[in-house]
Amino acid sequence: MKFSEIIGQEATKALLLDQHRQQRIPHAQMLCGPEGVGKFALALAYASYLLCEDPTPEGEPCGHCNGCHMTKALAHPDLHFVFPAYKGKGWPAERKAISADYLTQWREMVAASPYFDLTTWRSASGVESQRFHIGNGEADDIVQQLSLVSAQGGYKVVLVWLPEMMSEDCANKILKVLEEPPRQTIFLMVCNKPEMLLPTISSRLQRIDVPRLKTEEIRDALLSQQHGLSADDADFIASSADGSYLAALQQIKVSADTAEYFDMFTLLMRKCWMRDIKEMYAWADNIAKWPRQKQRDFLAYCQRLIRENFVYNFGLPALNHMSQKEAAFSRNFARFVNERNVIALTTLFDEAQRDIAQNVNSRMVYTDLAINIIVQLRA
Ligand SMILES: [Zn+2]
């Protein structure tokens, strides 16, 4: 990761490079700030720079030395990642999860984008749990890693993502190594909520505050990164992202999902109206393959559109909250949602949502749903 790949944050880049130039790199520091502003990207670029064998005079990792190849693959033996984890399904009760167990998933996620949050990481790790933390076992691993000589004879960097999720046990165990790390060892922590850090830890860290991004920086990044946005859309998304590039990316994802939900909803209604059973089965097959959470989001979307279409019939636009595309569909469709079937239709989507949440066979849920919709549309 190069500094030039990071959006904005020029002041923090300069500050980090200055530390190095003056040979005054604190052995333990943390980048603090709101989510999605690029703290992790900064830490990763800095680590890449420190581990590069031949950094450029402009202050970038060279990009082609041995060290750069390894950091690029997120597999440098002197770059140790620490992040929250939790054991997967079916793990023995006594076995604790540590970062090293999840390096493959971690590398894949970071390579996709250095802008992510805990939700992104949970879903990338494949472990659905609210109990992610940096536990006791992690401390043993850190101490053990640092007892080894640096593989390349240079710096050793420990990059800790979300130290605020460290257990007290773990924190106590690393205090000593944090206070007096082996020579040329650098702790770089990336923290969203410094107020949640244990005081024993935060007092040992030098703090760098990373500010929110400027709206123009987000807009320019969105436009240069091929999201297929018009200048107007990029402006709109950037101005509502509140300085977080991650928030902007998430908004693009939501718009893409909504467009897909709209297509699936209209397809279902058309096929049900035409009683096209073969196509209805194909629809059910298709949607049953989506991740469960996405299915639930889709069903919630359907419920909203049913309600919007019912309200559309009142002829009071102020009561409707639809996009242009949705409203255009309602011009012809709204009359099929009326006082005779609106409750029944809403209940159908309710029940489908409940069944999906309870892991009932998705394909069966959607075929039932479609058949019942046929009946209701003719009501
Ligand atoms: Zn290099």
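**The nonpolar core and its setting**

Modeller: In this predicted model, the largest nonpolar core has 71 residues, and Ala43, Ala47 and Leu159 touch the most other members. Helix α2, residues 39–51, gives the largest share of this core, 11 residues. A second, separate core has 25 residues, including Cys302, Phe310, Leu348 and Leu369. As a general background, nonpolar side chains tend to be buried together in soluble globular proteins.

The chain as a whole is divided into domain 1, residues 3–211, and domain 2, residues 260–377. The centres of domain 1 and domain 2, taken over C-alpha atoms, are separated by 45 Å.

Gln184 lies in the loop between α7 (168–179) and β4 (185–191). Its phi is near 60°, a positive value in a residue other than glycine. Gln184 has 15 other C-beta atoms within 10 Å, so it counts as partly exposed; a buried residue would need 20 or more. Asn359 is in the loop between α15 (342–357) and α16 (362–377). Asn359 is not a glycine either, yet its phi is positive, at about 60°. Asn359 counts as exposed because it has 8 C-beta neighbours inside 10 Å, and the limit for exposed is 12 or fewer.

Terms used: Residues numbered from 1 in each chain as written. Predicted model: local features only at pLDDT ≥ 70, side-chain atom pairs only at ≥ 80, totals over all residues. Core = buried A, V, L, I, M, F, W, Y, C linked by C-beta atoms within 7 Å. Helix = DSSP H or I, 4+ residues; strand = E, 2+ residues; numbered from the N terminus. Domains from an automatic or database assignment.
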